[in-house]
Amino acid sequence: MDISTVYEYCLNKKGTTETFPFDEDTLCFKVGGKMYALLSLSEWEQGECTLNLKCDPERAIELRENYTEILPGYHMNKKHWNTVHCKGSLNWLLIKELIDHSYDLVYASLTKKIKESIE
């Protein structure tokens, strides 16, 4: 999978901004100022294509049990975040669905005022 596919998909989601809040390598996608996806640019360049995504805790456990490419979130709250290895048996449709799920969780947590400013 190409990083530009993930980049364009995330950036085209309503209200999404890209930031580098931690360092010049960690790209974060945010909606309403809250992160829903993170990735390391240097790791993608080296072929280690991972994406950290927020996830419902019960679903996170289920995904980890069913897919070896989905692990507890690296450097994240492991109850609410997964690290998704984008190379391997996961197809783009599932990865898009996981990005959507992460975005939707974060969007739902925003205040009414912030949601109105996005729409």
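**Figure 1. Arg-59 is partly exposed, with 23% relative accessibility.** Here, buried means under 20% relative accessible area, exposed means over 50%, and partly exposed lies in between (1.4 Å probe, protein chains only). Arg-59 forms a salt bridge with Glu-97, and their closest N and O atoms are 2.5 Å apart. A salt bridge means a side-chain nitrogen of Lys or Arg within 4 Å of a carboxyl oxygen of Asp or Glu. The pair joins distant parts of the chain, 38 residues apart: Glu-97 sits in helix 4 and Arg-59 in helix 3 (residues 57-66). Helices (H or I, at least four residues) and strands (E, at least two) are DSSP runs, numbered from the N terminus. Glu-97 also counts as partly exposed, because its relative accessibility is 31%.

A note on the model: this is a predicted structure, where local features need pLDDT of at least 70 and side-chain atom pairs count only at pLDDT 80 or more, while totals for chains, interfaces and linings use all residues. Residues are numbered from 1 along each chain as its sequence is written, and side-chain values use heavy atoms, leaving out hydrogens and water.

**Figure 2. Lys-13 and Asp-100 form a salt bridge.** Their closest N and O atoms are 2.9 Å apart. This pair also links distant parts of the chain, 87 residues apart: Lys-13 is in the loop between helix 1 (3-11) and strand 1 (16-19), and Asp-100 is in helix 4 (residues 92-109). Lys-13 counts as buried because its relative accessibility is 16%, whereas Asp-100, at 22%, counts as partly exposed. A search of the whole structure finds two salt bridges.

Figure 3. Two strands pair if DSSP finds at least two bridges between them. Strand 4 (residues 50-54) and strand 6 pair over five bridges in the antiparallel sense. Look for Lys-54, whose bridge partner in strand 6 is Trp-81.

**Figure 4. His-75 has a positive phi of about 60 degrees, although it is not a glycine.** Most residues other than glycine have a negative phi. You can find His-75 in the loop between strand 5 (70-72) and strand 6 (81-85). With a relative accessible area of 65%, His-75 is exposed.
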